[in-house]
Amino acid sequence: MLADRARKSLLPLKLPEGFQSKVVAPRNAKLVTEEKKDAPLTPSAFLKEISLTTEQRLASTHEVHLPRIIQLLDMNETSHQKFSSVDLDRTLFQPFPSEVVFQNYASCELYEVPLILRNNDKIPRLVKIVCESSPYFRVISPNDVCNKVAPGMPSTFRILFTPEENKDYFHELTCITEREKFIVPIRAIGARGILDFPDQLNFSTSPVKNNTQKTLLVRNIGNREAYYQITTQRPFSVKPSIGTLGVNETTQFTIDFYPEKSGNHCEDLVIHYDTGEDIHVSLYGAATDV
């Protein structure tokens with residue numbers, strides 16, 4: 001079956017007759033040139049993010065990042081216009097989105113995300129996309145892909161995805177300009193286990209060296225088994241710290257607060273899923289000398 005689909009991916013790329021895309025790329029995305037550390041993901045923020053459709057996720061994307069350049073080309077061989085106003089650490093074309101993401105999909109259905117490549121230069125430039133053969137991902141180039149793109153103007157490619165099952169998929173696109181090759185990653189986010197922890201947990205004020213417990217009844221509200229590891233720092237502890245929870249199943253977690261000195265104590269309870277996400281619950285407790 002995979003071999004058949006791989007052969008199909010090499011055929012001329014056309015959209016199925018009657019296919020209508022619902023995806024619209026937002027305009028005026030902000031270019032972020034410096035890497036910034038993402039804020040810790042809370043349970044409610046994770047649930048909100050993972051519940052978005054592919055269309056909603058793209059519509060909520062308002063930033064772009066500099067793509068990863070993998071090769072600089074000799075412009076003496078690729079172009080008559082050998083000089084560019086674009087710095088060498090930036091690409092002649094800026095992609096949007098910086099990462100193509102699909103999520104909340106059903107097996108064997110067709111999904112599409114537009115990939116916009118905008119000419120950063122002050123003269124017309126050529127660009128194309130190469131996608132290694134895949135049974136799941138295809139690229140449809142614009143009709144005028146062989147023509148140069150005017151300064152500041154976009155060229156829109158269409159990335160098609162047909163999942164075989166509701167699991168994670170990864171791929172990448174190689175964008176080739178007259179000066180460089182750069183990568184645009186593709187990520188498809190499949191089924192997830194989601195434990196419905198609260199965003200924060202506050203303990204009442206307690207005496208130093210006195211143990212206070214809170215018991216939480218937690219349910220897996222995701223659409224696959226949740227494989228988890230949970231960690232925190234003293235004066236807090238949690239049991240169980242590792243386990244598996246089936247869809248719609250519940251289990252109890254006990255969080256202990258045992259302060260050895262007075263004052264305010266703040267730590268994170270970190271839920272690490274086997275799918276790679278780290279979710280942070282804020283823990284707070286106060287201790288006083290008796």
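**Exercise 1.** Which side chain meets R224 in a salt bridge, and what is the N to O distance?

Keep in mind throughout that this is a predicted model.

Step 1. Look around R224: the side chain of D274 meets that of R224 in a salt bridge, at 3.0 Å from N to O.

Step 2. D274 sits in the loop between β19 (263–273) and β20 (278–288), and R224 in the loop between β14 (212–219) and β15 (226–231), so the pair ties together parts 50 residues apart in sequence.

**Exercise 2.** Find the residue that forms a salt bridge with E178, then work out which residues are linked with E178 in a network.

Step 1. The whole structure holds eight salt bridges. One of them joins E178 to R125, with the closest N and O atoms 3.0 Å apart.

Step 2. This pair links distant parts of the chain: E178 is in the loop between β10 (169–177) and β11 (180–189), while R125 is in the loop between β6 (111–119) and β7 (127–131), 53 residues apart.

Step 3. Are these residues buried or exposed? Both E178 and R125 are buried.

Step 4. Now widen the view: D121, R125 and E178 are linked in a network of salt bridges.

Step 5. For another pair, go to E180, which forms a salt bridge with R179 at 3.2 Å between the closest N and O atoms. E180 and R179 are both buried.

**Exercise 3.** Work out the strand order of the open four-stranded sheet, and say which strands stand at the edges.

Step 1. The order reads β4-β6-β9-β8, and the pairing is antiparallel.

Step 2. β4 (93–96) and β8 (137–140) each have a single partner strand, so they stand at the edges, with one side of each left without a neighbour in the sheet.

Step 3. On average, neighbouring strands here are turned by 25 degrees against each other, ignoring direction.

Step 4. Zoom in on one pairing. β8 runs antiparallel to β9 (residues 154–161), and four bridges join the two strands. In β9, L160 is the bridge partner of R138.

**Exercise 4.** Describe the largest nonpolar core, and say which residues have the most contacts inside it.

Step 1. The largest core counts 29 residues, and F102 and L117 have the most contacts inside it.

Step 2. The elements giving two or more residues to this core are β4, β5 (100–103), β6, β7, β8, β9, β10 and β11.

Step 3. Beyond its neighbours within four places in sequence, F102 contacts a set of residues including Y111, V113, F137, I159, F161 and I186.

Step 4. A second, separate core has 26 residues, among them I189, I194, F253 and F257.

**Exercise 5.** Is T174 buried or exposed, and which residues does it touch?

Step 1. T174 is found in strand β10.

Step 2. Buried means under 20% relative accessible area. T174 comes out at 18%, so T174 is buried.

Step 3. Leaving out residues up to four places away in sequence, T174 touches I70, K128, I129, V130, K181, F182 and I183.

**Exercise 6.** How far apart are the C-alpha centres of domain 1 and domain 2?

Step 1. The domain assignment gives domain 1 as 52–189 and domain 2 as 195–288.

Step 2. Their C-alpha centres lie 41 Å apart.

Technical notes: Residues are numbered from 1 along each chain as its sequence is written. This is a predicted model: local features need pLDDT of at least 70, side-chain atom pairs count only at pLDDT 80 or more; totals for chains, interfaces and linings use all residues. Side-chain values use heavy atoms; hydrogens and water are left out. Domain bounds come from an automatic or database domain assignment. A salt bridge is a side-chain nitrogen of Lys or Arg within 4 Å of a carboxyl oxygen of Asp or Glu. Buried means under 20% relative accessible area, exposed over 50%, partly exposed in between (1.4 Å probe, protein chains only). Two strands pair if DSSP finds at least two bridges between them. Axes are lines fitted to C-alpha atoms, for helices over the stretch in contact, and angles run from 0 to 180 degrees between N-to-C directions. A nonpolar core is a set of buried Ala, Val, Leu, Ile, Met, Phe, Trp, Tyr and Cys residues joined through side-chain atoms within 4.5 Å. Contact means heavy atoms within 4.5 Å.
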